[in-house]
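I am opening a notebook on a structure that is new to me. The entries below say what I looked up, in the order I looked.

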Amino acid sequence: MDEMTGKDGELKPMTAVQKAQTRAFIEGLQQESQTYWDMVEIGDELSRELHLTPELVILYLDPVEDYNPWYEGWRMNTWHIPGESPFGGAIVPPLLVSHFVLSVQFDHTRPFAIGSIHTFHDSEILEPIPVGATVRITTRAVDKFEKRGRRYVRHEVTVTDVASGILYFRETRDILSL
Amino acid sequence: MPLPFGWAGKAREWEKDRMAETGERLLASLPITPETPVGFEFQPLRKKAAIQLMGSRAWGRFNPNHWDPEYAQSTGLSDPIQTGEMSSAYIAEMCVNHFGAAMFKGARIVCKYIASTVAGEVVTTHGVVTGKTPKGNGFRFRADIWCENEAGEKKTVGWVEADVGV
């Protein structure tokens, strides 16, 4: 019964088998890592393409419990649908691509740089992104600075359509690093 | 016309009736128009930082600090903390409720994460219109946005701008 009581149990009740699986997963993440500050040089640029499938949009939305129908390009019992929004078909939520910038920034760190925390974003949503688009997310390190004894790395981000070249999204974001 | 899925279709009809009585009226009151005054307060959203959601694959799964109590405590945290971007998503949802299509074309949203949201906390989003600048046939609206826990402690603060009636 011990494993099902106490604060841990309240947050995430698990059986012994589930706990063992979790520990195995976490051990799999443990790899040699550095601080983000040491990994990044000003001018470093990383870029990656992301296919914004209807299923990926749902994976993003369900955990934040956002059920706006404008974003639905997939529905149970119907599966792939064109969707409906003020722009015609389904579109992706305003900050979805911002969330996936993280995967590009930390592309070269496995599994994540130790002691790094996203602290700030200034995001411009320029054009609606249709569900199904493939976008290129590009991040460029533009500054490293210290503020009140803490170290920050600043990136500038662009998100463009791979097929049409449309600039959908632009962002400045800061990562605090140990 | 027969209902497509028997009871499921019937349930859909009941849901439509319920929405007609309550939700539709509420949703109709949300959109910001050129006439909306400075000082207008957004309709809040309330979200619980449930650990199972914080650790989902598209969000915090890559970092056990977002979902594993034991690991979080080993790094000095009292409990797992939510990624800041989940609070940005909550705030963006509130902004879409009010600005609609304008949030997807020429909008700007700035968020600063000033405190961590800990597993189990309930946060509420807020917004208040602080300015409207004439632009075209309408205005560029600006609003302060934030989310806070039940004790009133702010977690994420920022501002949003969007064109209305332009």
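**Entry 1: terms and source.** I take buried to mean under 20% relative accessible area, exposed to mean over 50%, and partly exposed to mean in between, with a 1.4 Å probe and protein chains only. This is a predicted model, where local features need pLDDT of at least 70 and side-chain atom pairs count only at pLDDT 80 or more, while totals for chains, interfaces and linings use all residues. Residues are numbered from 1 along each chain as its sequence is written, chains are lettered from A and ligands numbered from 1 in the order in which they are written, and side-chain values use heavy atoms, with hydrogens and water left out.

Entry 2: I looked at B:Cys111 and found it buried, at a relative accessible area of 0%. B:Cys147 is also in no disulfide, and the nearest cysteine sulfur to its own, that of B:Cys111, lies 8.1 Å away. I count a disulfide as a pair of cysteine sulfur atoms within 2.5 Å. B:Cys147 is buried, with a relative accessible area of 0%. Over all chains, the count of disulfides is zero.

**Entry 3: the sheet of chain A.** Strands (E, at least two residues) and helices (H or I, at least four) are DSSP runs, numbered from the N terminus. I call two strands paired if DSSP finds at least two bridges between them. In chain A, strand 1 (residues 45-51) runs antiparallel to strand 5 (residues 134-147), and seven bridges join them. One place to look is A:Ser47, whose bridge partner in strand 5 of chain A is A:Thr138. Strand 5 of chain A is also joined, by 12 bridges, to strand 6 (residues 150-161) of chain A, again antiparallel. There, A:Lys144 is opposite A:Val153 of strand 6.

Strands 5 and 6 of chain A form a hairpin with two residues between them. A:Arg148 sits in the loop between these strands. Its phi is near 45°, a positive value in a residue other than glycine. Is A:Arg148 buried or exposed? A:Arg148 is exposed, at a relative accessible area of 73%.

Entry 4: I found A:Glu65 in the loop between helix 4 (54-61) and strand 2 (74-75) of chain A. A:Glu65 is partly exposed, at 31% relative accessibility.

**Entry 5: strand 5 of chain B.** Strand 5 (residues 154-164) of chain B has 11 residues, nine of them buried, so this strand is largely enclosed by the rest of the structure. Six bridges pair it in the antiparallel sense with strand 2 (residues 107-113) of chain B. Here B:Tyr113 has B:Thr156 as its bridge partner. Strand 4 (residues 138-149) of chain B pairs with strand 5 of chain B over 10 bridges, also antiparallel. B:Arg142 stands opposite B:Glu161 of strand 5. The hairpin of strands 4 and 5 of chain B has four residues between the strands, and B:Gly152 takes a positive phi near 80° in it.

**Entry 6: B:Lys47.** I found B:Lys47 in strand 1 (residues 46-48) of chain B. B:Lys47 counts as buried, at 6% relative accessibility. Its C-alpha atom is 5.5 Å from that of B:Val123, which is 76 residues away along the chain. Contact means heavy atoms within 4.5 Å. Neighbours within four places in sequence aside, B:Lys47 is in contact with residues including A:Glu65, B:Glu93 and B:Val123.

**Entry 7: where the chains meet.** I looked up how far chains A and B touch: 42 residues of chain B are in contact with 44 residues of chain A. The two chains bury about 4,000 Å² between them, 60% of it on carbon and sulfur atoms. Buried area is the accessible area (1.4 Å probe) that two parts lose on being put together, summed over both. I counted five salt bridges between the chains, a salt bridge being a side-chain nitrogen of Lys or Arg within 4 Å of a carboxyl oxygen of Asp or Glu. A:Arg173 and B:Glu85 meet in a salt bridge at 3.2 Å, N to O.
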